[in-house]
Structures are given as structure tokens and as C-alpha cells.
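User: I would like to go through this protein chain step by step. Please keep the terms plain and give the cut-offs as they come up.

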Amino acid sequence: MYLRTKRRIVVATLFFAIGASCPALAATAPVFPQASVQRDVTVQFGRGELVRLRSGGPMMTVSTVKGDQVKCVWTDDDGQPADATFPADVLQRF
């Protein structure tokens with residue numbers, strides 16, 4: 001356990017030392033957002049609008065909107081109705 005912790009400290013020290021001495025490498029280092037940072041997304045959807053998940057999927061119709069939660073309905077591949085509620089920032093208008 002001591003050796004594993006020591007390796008992590010060495011790797012972290014080298015990472016920061018290299019980044020400090022080479023701005024080009026520091027600029028390509030991944031940046032992790034803080035948990036307390038919230039996105040200010042003010043997306044307004046109206047009942048009856050066509051939307052789709054930003055990641056893809058079927059075209060859906062907005063059923064209801066409560067705050068930043070949007071309930072959508074659609075038909076699946078078998079023609080059966082389905083519904084789900086999504087955060088507004090994962091949807092896009094069509």
C-alpha cells in the first residue's frame with residue numbers, strides 16, 4: 001500500500017512539474033469541472049414541440065414541462081406509445 005501511494009505522489013508531482021515547465025503540455029491536460037459548477041441552461045420547450053435527445057434516438061413530442069424537466073412521448077419500433085421525463089438540457093428542438 002505504501003509503495004502504491006508513493007507511486008501516485010511521484011506521478012502527480014511529475015505531471016505538475018512537466019505542465020509547469022511546458023505550457024503546451026499543460027494546455028492539453030484534461031480539465032475536470034468542479035462538482036459545484038452548474039450550467040446555466042435556460043431552454044424553454046412548449047407542449048407539442050418535436051424534440052430529440054442530443055445523443056440521438058427517436059423523435060419525441062413534448063407532453064408537459066415542469067421546471068427543467070420535460071416529459072416526452074413517442075412510439076417505439078412496435079408502434080406502442082412510450083414516455084419518459086428528461087432534463088431540458090439533454091434535448092434539442094426540431
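The questions and answers below go from the whole chain to single residues.

Analyst: The model is predicted, with pLDDT of at least 70 needed for local features and 80 or more for side-chain atom pairs, while totals for chains, interfaces and linings use all residues. Residues are numbered from 1 along each chain as its sequence is written, and side-chain values use heavy atoms, with hydrogens and water left out.

User: What percentage of the residues of the chain count as buried?
Analyst: Buried means under 20% relative accessible area, exposed means over 50%, and partly exposed lies in between (1.4 Å probe, protein chains only). The chain has 94 residues, and the part that counts as buried is 13%.

User: How much of the accessible surface of the chain belongs to carbon and sulfur atoms?
Analyst: Accessible areas come from the Shrake-Rupley method with a 1.4 Å probe, and for residues only the protein chains shown count as cover. The accessible surface of the chain comes to about 7800 Å². The share of carbon and sulfur atoms is 58%.

User: Which residue pairs with Trp 74 in an aromatic pair?
Analyst: Rings of Phe, Tyr and Trp (its six-membered ring) pair if their centres lie within 6.5 Å; planes under 30 degrees apart count as stacked, over 60 as edge-to-face and the rest as tilted. By this rule there is one aromatic pair. The pair is tilted, with 6.5 Å centre to centre and 40° between the planes, and it links Trp 74 in strand E3 (residues 69-75) to a residue of strand E4 (residues 81-87), 12 residues apart. The partner of Trp 74 is Phe 86.

User: Is Phe 86 buried or exposed?
Analyst: The relative accessible area of Phe 86 is 15%. Because that value is under 20%, Phe 86 is buried.

User: Which residue meets Glu 49 in a salt bridge?
Analyst: A salt bridge is a side-chain nitrogen of Lys or Arg within 4 Å of a carboxyl oxygen of Asp or Glu, and the structure holds one. Here the distance is 2.6 Å, N to O. Glu 49 is in the loop between helix H2 (23-28) and strand E1 (50-53), and its partner, 44 residues apart, is in strand E5 (residues 91-93). That partner is Arg 93.

User: Why does Arg 93 count as partly exposed, and what is its relative accessible area?
Analyst: Partly exposed is the class between buried and exposed. Glu 49 belongs to it with 23%. Arg 93 is partly exposed because its relative accessible area is 44%.

User: Which residue lies over the face of Phe 94?
Analyst: A charge sits over a ring if NZ of Lys or CZ of Arg is within 6 Å of the ring centre and within 35 degrees of the ring normal. Phe 94 lies in the segment after E5 and is exposed, with a relative accessible area of 51%. At 5.1 Å from the ring centre, the residue over the face is Arg 52.

User: Which residues make the nonpolar surface patch?
Analyst: Patches are made of residues with over 30% relative accessible area and no salt bridge; like charges are joined within 9 Å, and nonpolar side chains (Val, Leu, Ile, Met, Phe, Trp, Tyr) within 5 Å. The patch covers about 280 Å². Its residues are Leu 50, Met 59 and Phe 94.

User: Which residues does Ala 84 touch, not counting residues up to four places away in sequence?
Analyst: Contact means heavy atoms within 4.5 Å. Ala 84 is found in strand E4 and is partly exposed, with a relative accessible area of 22%. The C-alpha atoms of Ala 84 and Val 70 are separated by 8.3 Å. Ala 84 touches Val 70, Lys 71, Cys 72 and Trp 74.

Key. Helix = DSSP H or I, 4+ residues; strand = E, 2+ residues; numbered from the N terminus.
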